[in-house]
Amino acid sequence: MSYVEVPGAKVPIRMWTDPATVEDSAMRQLQNVATLPWIKGLAVMPDVHYGKGATVGSVIAMRGAVCPAAVGVDIGCGMSAVRTSLTANDLPGDLSRLRSQIEQAIPVGRGMHDDPVGPGRFHGMATAGWEDFWGRFEGVAEAVKFREERAVKQMGTLGAGNHHLELSFDTEGAVWLTLHSGSRNIGKELAEHHIGVAQKLSHNQGLVDRDLAVFVSDTPQMAAYRNDLYWAQEYAKYNRSIMMGLLKDVVRKEFKKAKVTFEPEISCHHNYVAEERYEGMDLLVTRKGAIRAGTGDLGIIPGSMGTATYIVKGLGNEKAFNSASHGAGRRMSRGAAKRRFSTKDLEEQTRGVECRKDSGVVDEIPAAYKPIEQVMEHQRDLVEVVAKLKQVVCVKG
């Protein structure tokens, strides 16, 4: 489908989904965003749903302003994927050992490494810029600096919620490695600090929703936020790269005889800000639960722990600010999923996948998400499919 326009106070809301299927709470959030004085455009992806602070699946283009809650608290969250030389025939029938080895190598949940892990540990991984990156930590918000040791040890860790590590087959039988994570606790602390600062600024006092407080250009608060934002986005990218390095090491060790090789890594943020130009204007484009899908851009759109993941190439649709969905999108809250489904339901819906099937991940059950095929159908004018993957191993936080 193409987009549907819904009237908004300052700009129309372009929706790549049926507006009637969007829950009232999310639609109210979108209508509120469309009232912001600085807004120049608002695009809504087919995985749209209500989110804390701002709507997940929203792409907000503003001139001279940025809303930290519209980025979210997991700054730089995104995905990485790598195609390997392994095929389905190379994998054993019992994948439990492989999952266990991954879980031992990469801390999940609130876990962290005992000793810091950097790019120098991995053969072929670029180390240029690593020291400069950590040196810039001295310039982040004073209120968050005391978290440095934790940030160092959480580099290369998964986190919880919908973050995951997977081994998948594509339709040709090739094995892929995919992972989903962000800037861990340090990004969360930086985001919460700046959201609190923004909400106290005088120009935000008359907004319809205090969560939509913004920083405006040429102010010290904007400069401080953008400094910390870009640092956290870089942290998230490093975090994924180092996890991928750890995951590759596990695969090399477990399949030593196969002498596994890996194609170049695909990586994309889906909670972030970028400076982009549209209709002759320099804009700050915030994607919360959306990936960049400019012409030729490679991206990753996962479904759930029991459904497909798509590797895609952007079609460069400027009406959507060169964006696409970041996944299937939730159709029910975590609490609702826990009330409705049991571990038996989880076992049935993840049959054939080596993964946790306990009460701790029932909120991630596939039925809690929108059908990924429907989401992909709604964005045929945003991306083209390069590969369709189906997981056989899934590690959850």
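Leu165 touches Ile102, Ile106, Leu158, Thr178, Leu179, Met243, Leu247, Val393, Cys394 and Val395, leaving aside residues up to four places away in sequence. A contact here means heavy atoms within 4.5 Å. The model is predicted: local features need pLDDT of at least 70, side-chain atom pairs count only at pLDDT 80 or more, and totals for chains, interfaces and linings use all residues. Residues are numbered from 1 along each chain as its sequence is written, and side-chain values use heavy atoms, without hydrogens and water.

Leu165 also belongs to the largest nonpolar core, which has 55 residues. Such a core is a set of buried Ala, Val, Leu, Ile, Met, Phe, Trp, Tyr and Cys residues joined through side-chain atoms within 4.5 Å. Buried means under 20% relative accessible area, with a 1.4 Å probe and protein chains only. Ile102, Trp134, Leu165, Leu167 and Trp231 have the most contacts inside this core. Several elements supply at least two residues each, including α3 (96-105), β7 (164-170) and β17 (383-396). The most come from α7, with 14 residues. Apart from this core lies another, of 49 residues, among them Val59, Met281, Ala337 and Cys394.

Now the whole chain. The protein chain has 10 helices and 17 strands; these are DSSP runs, helices (H or I) of at least four residues and strands (E) of at least two, numbered from the N terminus. Its C-alpha trace spans about 60 × 45 × 40 Å along the principal axes. Of its 397 residues, 58% count as buried. Among contacts with a separation of 6 or more, 74% join residues 24 or more positions apart.

Terms used:
Buried < 20%, exposed > 50% of the residue type's maximum accessible area, 1.4 Å probe, protein only.
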